[in-house]
Amino acid sequence: MNDQHVTRKTFDEVMVPCFSPAPFVPVRGLGSRVWDSEGRDYIDFAGGIAVTALGHANPELLRVLNEQGGKLWHIGNGYTNEPVLRLAQKLEALTFANRAFFANSGAEANEAALKLARRAAFERFGEDKFEIISFEQSFHGRTFFTVSVGGQPKYSEGFGPVPAGIRHLPYNDIEAARAAIGPKTCAVIVEPVQGEGGVIPADPAFLRALREACDAHGALLIFDEVQTGVGRTGHFYAYQDTGVTPDILTSAKSLGNGFPIGVMLTTEPIAAHFQPGVHGTTYGGNPLAAAIAGKVVDLVSDPAVLAGVRQRGERIRARLGELHERFDVFREVRGKGLLIGAELTSRHAGRAKDFLAAAANRGVMMLIAGPDVLRFAPSLIIPEADLAEGLARLEQAFEDVLGR
Ligand SMILES: *Cc1c(COP(=O)(O)O)cnc(C)c1O
């Protein structure tokens with residue numbers, strides 16, 4: 001069968017409708033530019049949802065993809081492989097961790113983290129210590145366990161009984177956390193910056209309070225760094241700028257620059273609760289994904305790249321500040337590094353989607369985080385010229401939505 005002509009309309013005819021993609025169809029990318037099937041170009045401030053940290057068609061990643069692609073793609077976890085061992089060494093050299101479990105996505109990394117925490121509590125303390133504490137508006141993935149742990153009920157309702165032993169507390173509320181974390185708590189899972197929930201940074205004092213309460217009650221602290229990890233906040237992992245070290249850290253999104261990979265990082269005594277057969281995966285840790293991620297880690301961990309993330313973040317925030325001066329449109333601009341959220345004033349409540357559509361019309365791809373927040377997660381190395389061009393186009397989009 002020859003390839004048929006396909007358009008955005010084809011989506012509605014052949015795909016499960018759990019997404020409603022934009023009206024145009026991207027076909028090619030280079031760095032921070034993307035072209036659609038009509039030849040129109042876009043500046044990419046979305047980064048494939050905080051994923052393409054080193055841009056599209058990055059030449060160094062392409063070289064690794066081709067090299068490893070010609071050697072070995074997949075061998076299964078009945079064998080280990082060199083790229084995955086090197087990747088684990090690199091991640092462990094950069095973090096608190098000395099054990100790694102690889103998966104294919106953020107949800108799977110979190111699924112592993114939550115199962116490990118349950119298992120460790122079961123084996124150390126017995127069957128009554130199973131409670132998982134999570135936070136309102138948090139997002140941890142779409143498997144049934146992770147979506148139930150996530151703090152957005154609209155994503156977990158209507159699928160039958162949810163797994164028991166999960167509690168949701170208000171984010172950044174130290175008193176509520178101190179009151180809730182107790183002898184039954186097996187783990188607390190938290191995003192250092194809530195991403196999908198509206199780009200809301202955790203208060204460092206809140207994270208410290210979680211650490212103390214977990215230590216006092218033998219609970220494990222899990223940082224979900226699926227969105228914040230691998231340079232996004234201007235630090236290799238966001239925890240490194242908080243003064244708080246978790247027991248388990250999950251990472252995905254930017255780790256593979258678009259090649260699917262996720263990881264759960266932890267320490268040896270905790271890892272020891274996953275003995276052979278207790279958990280597993282077919283594709284996780286495959287040599288192709290691991291080789292690419294290894295190169296991503298090499299490139300992003302460069303201090304100059306991380307400093308560049310902080311500078312670019314400042315630049316975008318300053319420009320959003322100017323847009324606010326002109327249009328009086330934001331309640332708050334927040335975030336860290338190149339994970340930036342701009343919350344609309346109540347006058348424009350619910351209109352984030354209109355800005356997204358207007359930006360696309362003007363040739364900018366961006367994101368939203370809920371109905372009221374514009375979200376930016378561009379490549380960590382977006383060139384100055386593309387940043388400037390994208391911000392100029394964004395201003396035109398604001399004119400389209402708000403009038404001059
Ligand atoms: C995106 C995201 C996930 C889910 O990752 P998938 O790769 O889509 O499964 C989990 N946690 C956070 C914080 C995320 O941003």
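Predicted model: local features only at pLDDT ≥ 70, side-chain atom pairs only at ≥ 80, totals over all residues.
Local features were taken at pLDDT of at least 70 and side-chain atom pairs at pLDDT 80 or more, whereas totals for chains, interfaces and linings use all residues. Residues are numbered from 1 along each chain as its sequence is written, and side-chain values rest on heavy atoms, without hydrogens and water.

The chain is divided into domain 1 (8–58 + 303–402) and domain 2 (72–300), with bounds from an automatic or database domain assignment. Their C-alpha centres lie 27 Å apart. Contact (heavy atoms within 4.5 Å) links 26 residues of domain 1 with 24 residues of domain 2. About 2100 Å² is buried between the domains, 60% of it on carbon and sulfur atoms; buried area is the accessible area (1.4 Å probe) that two parts lose on being put together, summed over both. Of the area that domain 1 buries against domain 2, L54, K336 and L339 supply 28%, more than any other three residues.

Two salt bridges (a side-chain nitrogen of Lys or Arg within 4 Å of a carboxyl oxygen of Asp or Glu) were found across the interface. K336 forms a salt bridge with D241, with the closest N and O atoms 2.3 Å apart.

On the side of domain 1 that touches domain 2, α2 (47–50), α12 (303–327), β13 (330–336), β14 (339–344) and β17 (373–376) each supply at least two residues. These elements are DSSP runs, numbered from the N terminus: helices (H or I) of at least four residues and strands (E) of at least two. The largest share, four residues, comes from α12.
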